[in-house]
Each structure stands twice: as structure tokens, then as C-alpha cells.
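Me: I would like to learn how to read a few features of a model. Can we take them one at a time?

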Amino acid sequence: MMAADIANPSVSIQDLSLNFGAVSVLQTLNLDVAEGEFIVLLGPSGCGKSTLLNCIAGLLDISDGRIFIKGKNVTWEEPKDRGIGMVFQSYALYPQMTVEKNLSFGLRVAGVPKEEIAKRIARAAEILQIEPLLQRKPSALSGGQRQRVAIGRALVRDVDVFLFDEPLSNLDAKLRSELRVEIKLLHRRLQNTMIYVTHDQIEAMTLADRIAVMRGGVIQQLDAPQTIYNRPVNRFVAGFLGSPA
Ligand code: ADP
Ligand code: MG
């Protein structure tokens, strides 16, 4: 597959392969994501979406290839030094800490000054409308509220790139569509790069600037939603998007 024609990609994945033992999960995969772009990785369960995201985040050591973020080769950088924030499906909040502590914890560890932490939390709380929840524990929050806090934790870190791994799949249909809209508004407001994993076609169609349709560790098609829908490159893509042909 050809690398995208992007001059200064925010994220550039070059010939990335990942094997678990003898099993090849990602195969010489190439992907350039433009600055400020919202890319959705879409594909059926087991196709390698989470694995790819974890490689970008630095949570998995790759078998071959290189990963650049903002022009810097981060292939062997620690996750915390990559300028990324990640939001998982299972909120991964600290249960014993209040929302405010959940938001500030990583910043305190990183030595960010107190006043700066307060400023960032106030901004994130305003953007995500979680101001009234700051003194609560996660156990006193709904699923949707927990996921807002999880997004807030990425937000306060002031990162260049957001990675989302099926952030809405634990929520009911109503909350899912609400939060989908909020994530879209968040992207409009922040205009940062987002890479978003889902197996949900509607999420992909409504959120993405471009969708990367994956199957068996390979990107089958990388295009704008309308192009993928109207001109799928093969029957798999057509079938997965539910488009005619
Ligand atoms: P997706 O997120 O698209 O559902 P994953 O990236 O989680 O898919 O998994 C891709 C493939 O890699 C699957 O076949 C899965 O079984 C396999 N896999 C994932 N993690 C591991 C692991 N730690 N060890 C071995 N195989 C794994
Ligand atoms: Mg997954």
C-alpha cells in the first residue's frame, strides 16, 4: 500500500510489522496521519486495531519498522515521552481517587507546577462539562461520566496526539451517540491529531476525516468516508461498510 501524500505528517508509521511469537499480527503497515486529522481505524474484531494503537503508544515493542510523531523517531521512546494521550474502552480510572485527583495524578508525577495543574484541570473540566463531578470518586459516576473523565486525563496532559481504543463500546446506544458528538466537538475545538479505533461503522462514518479499513493486520483502504462508501476497493470493504457493490 502507498504511503499517503502528506508533507509533514503528525504521525508516520513506516513498514511496521508486529509478530506475537510465530503469528504475524501487523504486516509491513504504512500510515501517514496529517496534523489535526481525525483518522479512524475500522475493522472486525481481531484485525489488529488495538495492536496498532498500542504500537503507536509505545505499549508494545514492534518487530520491524519505524514510528515518527511530529517528525521525531519515537520507535524506541518510552510511552510517556511520545506526546500522546490514550483513552481506553475500560476507563482505567483510579477507583480510590476523586475525579480531580485522577486528572492531576499524572501531572504531579511529571512535576508540573500546582497552578499550572489547576489551570489545566479547570479547562478540561469546562470543555468536558465535568466541573460538578471533580470531588466525586469514579464509583459515583455513570459510564458516560467516567469516560469523560478518562478523556479529561488525556486532555490535561496537553498532548499532540490523542489515541482512542473503542472508547464508547461500553456505553448504551443513547450515551454512545451523545459522546460521539462530544468527541467530534472536542476535535473541532482542539484541532489536534486523533487516531480512533472502532468496529462501529456509524462511528467511523461520522467522526473520520479518513477511515483506514483493516483486515488481518493490513490496511485494505484508506480514504474519506464518502469515498470508501461509494468506491470500496474490494468486496470486503464494501461488505464491511454496508455499501452497494
Ligand atoms: P482488534 O483490536 O482489532 O480486535 P487486536 O489488535 O486486539 O485486534 O488483536 C489482533 C490479533 O492479535 C488477534 O488475532 C489477537 O488474538 C492477537 N493478539 C493480541 N494480543 C496478543 C498477545 N498479547 N499475544 C498473542 N496474540 C495476541
Ligand atoms: Mg481492540
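Reply: Start with the ligand shell: helix H1 (residues 49–57) gives the largest share of the shell around ligand 1, three residues. A residue counts as near a molecule if its C-beta atom, placed from the backbone, lies within 6 Å of it. Helices are DSSP runs (H or I, at least four residues), as are strands (E, at least two), numbered from the N terminus. The model is predicted: local features need pLDDT of at least 70, side-chain atom pairs count only at pLDDT 80 or more, and totals for chains, interfaces and linings use all residues. Residues are numbered from 1 along each chain as its sequence is written, with chains lettered from A and ligands numbered from 1 in the order in which they are written.

Me: Which residues surround ligand 1, and how do the residues of the shell divide by class?

Reply: Around ligand 1 are Phe20, Val25, Gly43, Ser45, Gly46, Cys47, Gly48, Lys49, Ser50 and Thr51. The shell has three nonpolar, six polar and one charged residues. Here Ala, Val, Leu, Ile, Met, Phe, Trp, Tyr, Cys and Pro count as nonpolar, Asp, Glu, Lys and Arg as charged, and the others, Gly among them, as polar.

Me: At what angle do helix H3 and helix H4 pack?

Reply: Two packed helices are described by the angle between their axes and the distance between the axes. Axes are lines fitted to C-alpha atoms, for helices over the stretch in contact, and angles run from 0 to 180 degrees between N-to-C directions. For H3 (residues 114–128) and H4 (residues 143–155) the angle is about 140°, and the axes are 10 Å apart. H3 is therefore oblique to H4; under 35 degrees counts as roughly parallel, over 145 as roughly antiparallel, 65 to 115 as roughly perpendicular and the rest as oblique. In H3, Ala124, Ala125, Ile127 and Leu128 meet Arg148, Ile151, Gly152 and Leu155 of H4, where contact means C-beta atoms, placed from the backbone, within 7 Å. By class, this contact of H3 with H4 has six nonpolar, one polar and one charged residues.

Me: How do H4 and helix H5 pack?

Reply: H4 and H5 (residues 173–190) pack at about 25°, with axes 10 Å apart. That makes H4 roughly parallel to H5. Gly143, Gly144 and Gln147 in H4 meet Leu175, Glu178 and Leu179 in H5.

Me: Is Asn8 buried or exposed?

Reply: Asn8 is exposed because 10 other C-beta atoms lie within 10 Å. The cut-offs are 20 or more such atoms for buried, 12 or fewer for exposed, and partly exposed in between, with C-beta atoms placed from the backbone.

Technical notes. Two residues are in contact if their C-beta atoms, placed from the backbone, lie within 7 Å.
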